[in-house]
Amino acid sequence: MALSATLYIPPSSRLFSYRFSSSRFPCFVSRKTLTVKALSSSLDFPDVAVAEKSKVPSKTGSWQWRYQDNSVNIYYEEHEAETLNSNKTKNVLMIPTISDVSTVEEWRTVAKDIVMRNGEVHWQATIVDWPGLGFSDRPSIDYNADVMEKFLVEFINASNSPLIQSGNDLVIIAGGHAATIALRAAKKGLVKPSAIAAVAPTWAGPLPIVFGRNSDMESRYGLLRGALRTPAVGWMMYNVLVSNEKAIESQYKSHVYADPENVTPSIIENRYALTKRKGARFVPAAFLTGLLDPVKSREEFLELFASMEGKMPILVVSSSGSPKRSKAEMEALRGAKGVSKFVEVPGALLPQEEYPLFVAEELYKFLQAIPL
């Protein structure tokens, strides 16, 4: 998700003065009975209040991702309707938009809506949190787009992956930068889904999309990134500039959601809690400064989609209320080579969370059209 940012950089100074944040929120509409059970895990799973029982996932689990000297607990959820009226089952992988408050919660309502529908194909949904975000572990890795791509490829292809039974029937549904990372992996042949749905896709981080990528700015981004990663000063900066409720609320109301009335205190409280998890500042430091950008230009962005021409169906779900710069990148995909279908739904940078039933409807139509 592209965050807004205000940055002041004196010509001869190394000091940065900026404001930023971002966020999410879900709800749920029941259609069938869900089987609710939990896998044992070393992960600290999120608590679910009694009043929110309808949001309880079908199953939660932990997958161990090995990266360098790190063993990272990756949080995921599996959603499946209890009663099956179809002889054929297929799987969708839903991937959250990348931001400092990225979480599987943004996809829950969409996942439950899709798996509860009766049709020729029965759909099962897996939602996974990125390493360093959501309810996954947040080790001090030098995060960049290559690291995130490597994680996604291994999560899909590993012999012990929760998706190992999917084969070539897996459909990837992803938001923001996550969609672009998935497309980049598909272009390289590292993952081979049967289709990809890109919801409010983005490719440029908050500061690069505003201030550009010349050598002087890249140097300043590096200084900022380094400061945010330092043990003491980094936490102080992060707590002041990111991990505070006012900043999160401001971002939600300005561009994360299209309608400020949809931003409730409970949403802000929930997302604020995510920013307080151990290691929370490492991925935002990379995302803010452009290290998680899968491509460097609109031309490269369009080429990712064009490379899928004739290989698999690609759906683009644009949002009517996205910020001007992000909206322009989405609009560039309208009629673009490789895009099988382009639709628009209400919302801004998180339409799947703010208007989940609109998004679920468009996604289900797309899924129904995929050849069996």
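The model is predicted: local features need pLDDT of at least 70, side-chain atom pairs count only at pLDDT 80 or more, and totals for chains, interfaces and linings use all residues. Residues are numbered from 1 along each chain as its sequence is written, and side-chain values use heavy atoms, with hydrogens and water left out.

**Sheet**
- Eight strands make an open, mixed sheet in the order β3-β4-β6-β5-β7-β8-β9-β10; strands are DSSP runs of E with at least two residues, numbered from the N terminus, and two of them pair if DSSP finds at least two bridges between them.
- At the edges, β3 (59-67) and β10 (341-345) each pair on one side only.
- Neighbouring strands are turned by 25° on average, direction ignored, with axes fitted to C-alpha atoms (for helices over the stretch in contact) and angles from 0 to 180 degrees between N-to-C directions.

**Around β8**
- β7 (residues 171-175) pairs with β8 (residues 195-201) in the parallel sense over five bridges.
- Ile173 stands opposite Ala197, and Ala174 opposite Ala198.
- β8 also pairs with β9 in the parallel sense, over four bridges; Val199 has Val317 of β9 as its bridge partner.
- Seven of the seven residues of β8 are buried, that is, under 20% relative accessible area with a 1.4 Å probe, protein chains only.

- Helix α1 (residues 108-115) touches β4 (70-79), β5 (88-95) and β6 (121-128), and its direction makes about 165° with that of β6; contact means heavy atoms within 4.5 Å, and helices are DSSP runs of H or I with at least four residues.
- Helix α13 (residues 356-369) lies across β5, β6, β7, β8, β9 (314-319) and β10, at about 165° to β10.

How values were computed. Buried means under 20% relative accessible area, exposed over 50%, partly exposed in between (1.4 Å probe, protein chains only).
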